[in-house]
Amino acid sequence: MMSDILGHLNYWLATLLLLIGLHGMLIRPNLVKKLMAMNVMQVAVIMFFISLAVKTGGTAPIELHGDGHTTPHAAAYINPLPHALMLTAIVVGVSTTGVALALLIRIYRYYGTLEEPELLQRMQE
Amino acid sequence: MKPLFGSVVLDVACRLSVPFIILFAIYVIVHGHDSPGGGFQGGTILAATFILIRMIRQDVKPWGLDRTGALVLACCGLLLYTGIGLLSFLFAGNYLDYGVFPLPLEAGKIRFMGSFGIEIGVSMGVTGVLVLIFDALTEEDSQDDKPGEPT
Amino acid sequence: MTAHAPVLIVVIPLAIAVLVPLVSLRSDQWARSLVLLALLGAMTCAAIALAQTLSTGPWHYHLGGWEPPWGIEYVLDPLSSGMALLISAVAILVAIYAGPHLSGWAASRSGLFSSLFLLLNTGLLGMVVTGDFFNLYVFLEISSLAAYALLASGTIQATVATFRYLIIGTIAATFYLLGVGYLYALTGTLNMADVAARLPAVADSSPFIVAVIFIAVGLSIKAALFPMHGWLPDAYAYAPPTVIGFISAVMAKVSVYALFRVLYFILRPAEIVEQTLTVLSWAAAIAILAGSLLAVAQRDIRRMLAYSSVGQMGYIMLGFALGTRAALIGALLHMLNHAIMKGCLFLAAGGVQWRTGSCNLDDFAGISRHMPLTMAAVVVAAISMIGLPPTAGFFSKWYLVTGAIQVHAWVFVAVLIGSSLLSAVYFFRVIEWAYLRAPECSATSAIRHQELPVQMLMPILLLATSILLLGLFNQTVISHVIQYALPQGGF
């Protein structure tokens with residue numbers, strides 16, 4: 001049981017962050033909190049992917065003194081592919097946050113509030 | 001955005017650090033192939049320069065990059081990216097196939113030059129976009145952004 | 001150049017999308033012509049791809065010259081090139097339709113609008129042609145972000161509705177990415193064909209079940225399947241009329257296509273897919289009923305059409321989930337038909353709003369006197385949505401009902417027929433108000449209520465004519481295109 005938890009700490013971390021993010025997005029009424037929870041949820045997935053790349057005893061996938069002709073011993077390096085994928089995912093997260101912030105500023109300038117129940121009520125009128 | 005600060009200390013610190021930040025950004029962009037870095041990261045650091053100056057000296061007209069300039073920079077960066085990709089069509093390769101460029105270098109270095117061009121395009125795009133985001137979020141209530149009347 | 005058609009489908013709209021803001025600084029007219037040229041280019045490449053894949057089979061295009069599974073590849077077969085053709089054709093019509101709206105804006109705003117529209121097209125076309133799981137996620141997010149920006153650019157209520165759509169859409173994309181992460185952890189590859197090849201070794205493990213569920217839930221949220229459809233009515237009801245015709249016609253469908261592609265072409269042999277499809281079929285049936293029932297209660301025509309879209313997505317999902325040949329043909333035919341019908345209806349509703357300033361059903365009274373051609377198109381589209389011959393809607397529903405009968409799913413048959421009756425209720429109400437009620441008589445309203453300008457009228461009439469043509473020639477379409485789009489083996 002303990003080895004189940006300790007051996008899979010990265011998955012527990014990703015699950016915890018995912019649930020925190022989902023809770024924030026669905027339960028919290030403030031729109032800015034929803035946005036921050038969205039970022040937390042994206043970080044959860046990023047952590048999950050990056051933890052997939054780890055190997056015991058592996059080192060960072062950077063060739064420090066290679067001459068470009070000998071093939072590196074690939075098994076000694078951790079997997080660089082999830083890192084590259086997560087760069088893209090981080091950029092996607094930043095862009096989504098940018099769009100969301102622009103929307104929030106527009107909403108705030110018109111309504112003066114960012115609480116969802118109040119907003120919905122004023123939208124119906 | 002009203003200037004919250006305005007002291008000599010901040011001004012001097014900003015003047016001293018901005019050249020080094022720009023240099024570091026270029027270093028990160030160029031060394032993206034062989035060490036952590038690349039277009040996205042370097043572009044973000046470069047955008048941080050512009051944002052730093054905007055935060056400290058708003059009385060100066062937008063230093064270096066106004067809205068049109070940022071838009072042009074972003075678009076040119078992305079056009080560079082797609083241009084390099086489409087360039088390989090001329091040499092009978094697939095899209096983004098750097099290996100077919102007829103440069104007088106060895107095979108690995110040709111692919112490196114192609115990636116390098118792409119990274120420059122990406123960093124230009126990222127810089128322009130981040131400066132645009134910052135400007136859009138901090139501008140005063142401008143006239144052409146009035147939301148339409150609710151239906 | 002035609003050898004590069006698969007990548008040009010995506011790259012032409014992308015390159016022009018970043019060119020348009022620069023050009024619009026100079027001249028607005030050139031920018032708009034560039035948009036049409038880009039979409040025409042994409043449509044030509046899609047047509048070339050469709051012709052080629054119908055004759056010689058799937059077309060694999062390796063990006064960057066790297067062989068799969070190390071590189072990203074674009075895979076075109078009749079299904080994806082047909083979808084690409086549909087997306088670009090609807091995009092051209094909507095770009096023409098949006099012309100009069102754009103002339104009233106400042107050059108910078110219309111340049112940015114055109115650029116976002118082309119980026120939306122890039123994302124959707126990319127989702128359709130790609131053969132790599134992570135590439136699908138990237139294009140999904142590109143199209144979603146462009147859609148958020150476009151949908152929010154109307155009134156302030158559009159912005160609030162779009163913020164909710166943004167949150168829910170990001171949850172969906174994150175779930176999809178998590179599912180892809182599990183698949184990558186199990187199979188070690190992101191290439192769709194390679195995952196299909198490595199499937200037998202991992203198909204029974206629990207991470208695989210989790211992966212399939214996450215991917216299915218993520219794409220279903222984007223496709224507005226009940227009970228995750230909550231974002232759609234508000235987002236579509238308040239959306240600016242320039243883009244809603246395109247987004248309603250195409251966006252949710254591409255997510256359904258992606259789900260179809262993943263579940264049927266790649267992951268099919270796994271057991272969990274059967275159970276997922278069963279759950280999806282029940283959710284789709286509830287969606288059909290819920291969408292139709294909620295649509296009856298609406299006074300605003302755009303909100304009514306939005307709830308009707310929820311129901312129609314249910315039809316398509318039900319056809320995919322039933323799995324028989326007739327049901328799949330019905331689902332694919334309904335994807336084509338619904339894009340044209342819903343596009344026509346939303347464009348006409350936008351046209352009425354352009355002339356009268358309101359989309360409320362009460363203000364539709366007697367409008368057929370002032371806008372006869374537009375209302376004629378609405379009648380044709382409404383009859384097709386209800387499902388009466390000889391319009392296209394009848395034939396797709398016929399195939400869906402046939403497919404449901406083949407698996408003895410009598411509940412689904414009842415749902416399909418019942419919802420057609422319900423849609424008759426709310427669509428006939430529109431026709432009744434437009435044709436049989438007396439118009440309000442005031443001199444000012446008579447001056448403003450004329451027929452739409454040609455640029456807006458022509459796409460509406462073209463779509464209405466296509467509905468009739470598709471109905472008459474549906475056998476040709478099925479036998480020449482759609483039956484080649486079905487997954488091979490096992491029917």
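I started by settling what a helix is: helices (H or I, at least four residues) and strands (E, at least two) are DSSP runs, numbered from the N terminus. With that in hand, I looked up C:Pro390 and found its place in the loop between α16 (372-386) and α17 (392-406) of chain C. The peptide bond from C:Pro389 to C:Pro390 is cis, with omega near 0 degrees.

**Ground rules.** I noted that this is a predicted model, where local features need pLDDT of at least 70, side-chain atom pairs count only at pLDDT 80 or more, and totals for chains, interfaces and linings use all residues. Residues are numbered from 1 along each chain as its sequence is written, while chains are lettered from A and ligands numbered from 1 in the order in which they are written.

**Confidence.** I checked pLDDT, the predictor's confidence in each residue, from 0 to 100. Chain C averages 89, and 97% of its residues score at least 70. Where in chain C is confidence lowest? I found that in helix α19 (residues 443-448), with a mean of 51, whereas helix α6 (residues 133-151) is highest at 95. Where pLDDT is low, the predicted coordinates should not be read in detail. For the complex, the predictor gives an ipTM of 0.94 and a pTM of 0.94.

**Chain A.** I found 5 helices and 0 strands here. Next I looked up the radius of gyration, which is taken over C-alpha atoms; the globule rule is 2.2 Å times the number of residues to the power 0.38. Chain A has a radius of gyration of 21 Å, well over the 14 Å that the rule gives for 125 residues, so chain A is more spread out than a compact globule. Its C-alpha trace spans about 70 × 45 × 15 Å along the principal axes.

**Neighbours of chain A.** Between chains A and C, the contact takes 25 residues from chain A and 23 residues from chain C. Which element gives the most to the side of chain A that touches chain C? I see that α4(A) does, with 13 residues. For classes, I counted Ala, Val, Leu, Ile, Met, Phe, Trp, Tyr, Cys and Pro as nonpolar, Asp, Glu, Lys and Arg as charged, and the others, Gly among them, as polar. This side of chain A divides into 19 nonpolar, 4 polar and 2 charged residues. With chain B, the contact takes 11 residues from chain A and 9 residues from chain B. By class, that side of chain A has 7 nonpolar, 2 polar and 2 charged residues.

**A helix pair in chain C.** I fitted axes as lines to C-alpha atoms, for helices over the stretch in contact, with angles from 0 to 180 degrees between N-to-C directions. The axes of α10 (residues 206-222) and α12 (residues 241-266) of chain C come within 8 Å and cross at roughly 160 degrees. α10(C) and α12(C) are therefore roughly antiparallel (under 35 degrees counts as roughly parallel, over 145 as roughly antiparallel, 65 to 115 as roughly perpendicular and the rest as oblique). Among the residues that meet, I noted C:Ile215 and C:Leu219 in α10(C), and C:Leu259 and C:Val262 in α12(C). The residues of this contact divide into 7 nonpolar, 2 polar and 1 charged.

**Last look.** B:Leu96 has a positive phi of about 65 degrees although it is not a glycine.

Note on methods: Contact = placed C-beta atoms within 7 Å.
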